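Subject: Structure handover

Hello,

Here is the structure for you to take over. Please open it beside this email.

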Amino acid sequence: MRNGGVSFWWQQVGLPVPTDRLEGDVTCDVAIVGGGLTGLWAAHYLREADPSLDVRVLEAEFAGFGASGRNGGWLSSELPGSPRAYARAGGADGVARMRAAVRATVDEVIGVTERAGIDADVVRHGVLHVARSAAQAERLGGELDAAQVAARIRVAGAVSGHLDPDCARVQPARLVAGVADLVRAQGVRVHEDTRVRSVEPGAAVTERGTVRAPVVLRCLEGFTAGLSGHRRDWLPMNSAIVVTEPLTDAQWDAIGWAGEELLGDEAHAYCYAQRTADGRIALGGRGVPYRFGSRTDVDGRTQEWTVESLRTTLASLFPSLAGIGLDHAWCGVLGVPRDWSASVSYDPVTGLGHAGGYVGSGLTATNLAGRTLRDLVLGRDTDLTHLPWTGHRVRRWEPEPLRWAGVHALYRLFRAADRREDAGLARTSRVARVANRVAGR
């Protein structure tokens with residue numbers, strides 16, 4: 001089994017060699033810090049709206065090195081954050097508008113892949129959420145009974161389910177590589193192997209030179225803590241994924257996964273899965289939730305006990321697959337604000353803006369954020385600029401060692417709550433309710 005190498009998705013298509021490194025000081029109209037999907041989508045929509053703009057993207061490794069090329073491949077309509085947090089900003093109407101905007105963005109992303117000829121293994125068969133206990137069933141409120149769930153996928157112990165049709169499976173590396181090619185074709189310079197050390201009004205300071213621009217957008221998601229002055233803005237939360245060897249036809253028949261729905265559960269320490277285009281199962285979940293000092297992984301390598309935990313989860317979902325070989329494991333970080341809700345912001349006075357903090361639901365939200373940044377930078381008054389995440393502010397995370405101790409304690413509580421619910425609790429464990437309140441969800 002390979003561990004690391006950025007991700008299985010990148011190993012499938014081949015790791016790109018960084019190109020167009022910044023060489024010395026330059027000026028441009030818009031400097032975007034971060035070559036993931038948020039930054040690339042923002043660059044795409046800005047150039048599409050105004051082809052005269054000189055837009056440059058600054059990336060420490062290569063475009064798509066972070067979560068954009070490592071995620072579970074869920075192009076979903078899930079809110080990137082807490083409905084309660086968005087309701088505080090925009091009321092019930094704001095939450096409804098946010099949900100509608102995210103759902104419409106699924107169509108937008110698929111439309112771009114079709115128009116630009118991006119082959120990202122996109123299949124829109126929805127996502128099947130399953131409940132495997134009475135407490136999970138209460139939270140889910142699904143319309144499918146156990147038999148109806150089994151008719152789609154035979155998940156051991158499933159008691160109910162919910163099918164959300166507004167979700168598509170994608171191959172993340174193919175998607176982000178395609179969007180990177182698209183923006184380059186539009187004339188955007190993507191300076192890879194160019195690490196930004198600090199951001200200030202009018203400038204992004206890199207180790208290779210300073211990029212001066214009236215507009216500087218920070219789009220670093222889980223890597224935000226590595227930027228000077230931003231260590232406590234968003235927590236770099238870890239998530240890990242394993243990919244099995246290709247399943248045989250008999251193995252697929254045994255688990256009844258005939259379609260290409262995505263699969264998730266309602267546990268507090270939840271898992272997420274997809275049937276890949278080449279006939280494997282990619283299964284993800286939490287390993288070590290957070291590294292001390294907001295450190296991030298090295299080349300995607302994850303801990304062996306995390307791999308074993310995901311192996312156990314896979315066998316729990318599908319007992320007939322116990323012992324199946326795992327071909328690849330990796331991890332990455334996602335951005336988590338203190339109130340677990342994403343934000344998009346731009347200050348026309350300083351020219352500084354940012355987007356991110358998607359709490360694990362960013363594959364769709366990155367596109368919505370990119371279009372929102374476009375409208376904010378261009379001074380447009382649109383429906384997007386009035387969504388409740390626009391201008392959303394949140395307090396910073398606690399300093400160390402409180403941050404590390406608190407996050408690890410929270411996940412011990414979530415796992416304890418799952419054990420209690422699996423043992424027969426009919427309602428969500430009080431332990432989980434307390435943990436959610438402390439977490440700020």
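Below are the findings, starting with a sheet and ending with a loop residue.

This is a predicted model: local features need pLDDT of at least 70, side-chain atom pairs count only at pLDDT 80 or more, and totals for chains, interfaces and linings use all residues. Residues are numbered from 1 along each chain as its sequence is written, and side-chain values use heavy atoms, with hydrogens and water left out.

The sheet

Strands here are DSSP runs of E, at least two residues long; helices are runs of H or I, at least four; both are numbered from the N terminus. Two strands pair if DSSP finds at least two bridges between them.

Look at β4 (residues 55–58). It pairs in the parallel sense with β3 (residues 30–33), over four bridges. V33 has L58 as its bridge partner in β4. On β10, three bridges join β4, again running parallel. There, L58 stands opposite H191.

V55 and V57 point one way from β4; R56 and L58 point the other way.

β3, α2 and β4 make a right-handed β-α-β unit. Right-handed means that, with the strands pointing away from the viewer, the path from the first strand over the helix to the second runs clockwise.

Aromatic rings

The whole structure holds 10 aromatic pairs. Rings of Phe, Tyr and Trp (its six-membered ring) pair if their centres lie within 6.5 Å; planes under 30 degrees apart are stacked, over 60 edge-to-face, the rest tilted.

W41 and Y45 are stacked, at 5.9 Å centre to centre and 25° between the planes. Both are buried. They are separated by about one helical turn, because they stand four residues apart in helix α2 (residues 37–49).

W252 and W257 have ring centres 5.9 Å apart and planes at 85°, so this pair is edge-to-face. W252 counts as buried, at 5% relative accessibility. W257 is buried too, at 0%.

W10, F62, F65 and F223 form one aromatic cluster.

Charges over rings

The charged end of R275 sits over the ring of W252, 3.8 Å from its centre. R338 lies over the face of W397, at 4.8 Å from the ring centre. The test needs NZ of Lys or CZ of Arg within 6 Å of the ring centre and within 35 degrees of the ring normal.

A loop residue

Where is S429 found? In the loop between α10 (402–422) and α11 (430–439). S429 is buried, with a relative accessible area of 2%. It touches A417, R420 and E421, not counting residues up to four places away in sequence. Contact means heavy atoms within 4.5 Å.

Regards

Note on methods
Buried < 20%, exposed > 50% of the residue type's maximum accessible area, 1.4 Å probe, protein only.
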